[in-house]
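Here is a short walk through one protein model. Keep the sequence and the 3D view open as you read.

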Amino acid sequence: MRQLLSAALLVLAAAPLSAQDKAGAGLYAAHCVACHQVEAVGAPGVAPPLAGNIGRHASTAEGRAYLARVPLTGMVGTINVGGMRYTGNMPSFAKLSDGEIASVLAHVLGSYEAVGDLGWLTPEFVAAVRQAGGTPNETHKLRGRLPAASGG
């Protein structure tokens with residue numbers, strides 16, 4: 001059994017990245033890694049970790065909208081994640097296309113959070129969130145209203 005599991009893990013590790021995975025990884029490297037760091041572990045006191053932090057929001061409609069809103073509007077205001085306080089401002093990446101935002105979110109949620117069901121995360125979904133608009137402060141307030149906001 002152990003050998004079978006090891007063989008399966010080797011096959012998965014050797015699987016080529018899909019075009020969307022590569023695009024999302026490239027966008028993460030270009031726009032996110034400076035603050036959120038390699039493997040999305042965050043920089044203490046500067047930028048919160050994405051790994052182990054944001055996947056919980058993918059389970060609700062409100063959380064999914066929040067996930068798309070953060071890169072679209074940016075966010076201001078203090079948040080606490082894992083017992084650490086973050087006061088930095090998340091800049092907006094609204095200049096990215098809807099497809100690019102969907103791609104980088106899919107990369108983060110799939111690679112660092114092991115969120116399996118990402119069928120909802122399409123350019124059309126991001127476009128709908130973009131059209132709804134919002135401000136960085138409103139995005140911060142939305143975060144506080146999420147059911148999964150407690151605990152970090």
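Predicted model: local features only at pLDDT ≥ 70, side-chain atom pairs only at ≥ 80, totals over all residues.

Where is the place of Ala40? Ala40 sits in the loop between helix 3 and helix 4.

Residues are numbered from 1 along each chain as its sequence is written, and side-chain values use heavy atoms, with hydrogens and water left out.

Start with the whole chain. The protein chain has seven helices and two strands. Helices (H or I, at least four residues) and strands (E, at least two) are DSSP runs, numbered from the N terminus. Along the sequence, the pattern is α-α-α-α-β-β-α-α-α. The chain holds 152 residues, and 38% of them count as buried. Buried means under 20% relative accessible area, exposed means over 50%, and partly exposed lies in between (1.4 Å probe, protein chains only). Now look at contacts, meaning heavy atoms within 4.5 Å. Among contacts between residues at least 6 apart in sequence, 66% join residues at least 24 apart.

Back to the loop between helix 3 and helix 4. Ala40 is not a glycine, yet its phi is positive, about 60 degrees. Ala40 is also buried, with a relative accessible area of 0%. Gln37 lies in the loop between helix 3 and helix 4 too. Gln37 has a positive phi of about 70 degrees and is not a glycine either. Its relative accessibility is 29%, so Gln37 counts as partly exposed. Most residues other than glycine have a negative phi.

Next comes helix 4. Its 13 residues should span 18 Å at 1.5 Å a residue, and its end C-alpha atoms are 18 Å apart, which agrees. The expected span is 1.5 Å times one less than the number of residues. The buried residues of helix 4 include Tyr66, Arg69, Val70 and Thr73. Helix 5, helix 6 (123-132) and helix 7 are among the elements that cover the buried residues of helix 4. After helix 4 comes Gly74, with a positive phi near 75 degrees.

Ala65 is found in helix 4 as well. Ala65 is partly exposed, with a relative accessible area of 22%. Leaving out residues up to four places away in sequence, Ala65 touches Phe125 and Val129. The C-alpha atoms of Ala65 and Leu121 are separated by 9.8 Å, though these residues are 56 apart along the chain.

Turn to Thr139 in helix 7 (residues 136-145). Thr139 counts as buried, at 0% relative accessibility. Which residues is Thr139 in contact with, leaving aside its neighbours within four places in sequence? They are Tyr66, Arg69, Val70, Thr73, Gly74 and Met75.

Helix 5 runs over residues 98-112. Its 15 residues should span 21 Å, and the end C-alpha atoms are 21 Å apart, which agrees. Why is helix 5 largely enclosed by the rest of the structure? Of its 15 residues, 11 are buried, so helix 5 is largely enclosed. Among the buried ones are Asp98, Ile101, His107 and Tyr112. Ala114 follows helix 5, with a positive phi near 55 degrees.

Now find the largest pocket. A pocket is an open set of points on a 1 Å grid over the protein atoms alone, where a 1.4 Å probe fits, with protein on both sides within 12 Å along at least five of seven lines; lining residues have an atom within 4 Å of a point. About 650 Å³ of space lies in the largest pocket. It is lined by 37 residues, and His36, Pro48, Leu50, Val70 and Met90 are the closest to its centre. Helix 2 gives the largest share of the lining, five residues. The lining divides into 29 nonpolar, seven polar and one charged.

Finally, check the cysteines. A search of the whole structure finds zero disulfides (pairs of cysteine sulfur atoms within 2.5 Å). The nearest cysteine sulfur to that of Cys32 belongs to Cys35, 8.8 Å away. That is too far for a bond. Cys32 is buried, with a relative accessible area of 17%, whereas Cys35 is partly exposed at 38%.

Terms used
Points joined across faces, edges and corners; volume = space filled by probe spheres on them. Nonpolar A, V, L, I, M, F, W, Y, C, P; charged D, E, K, R; others polar.
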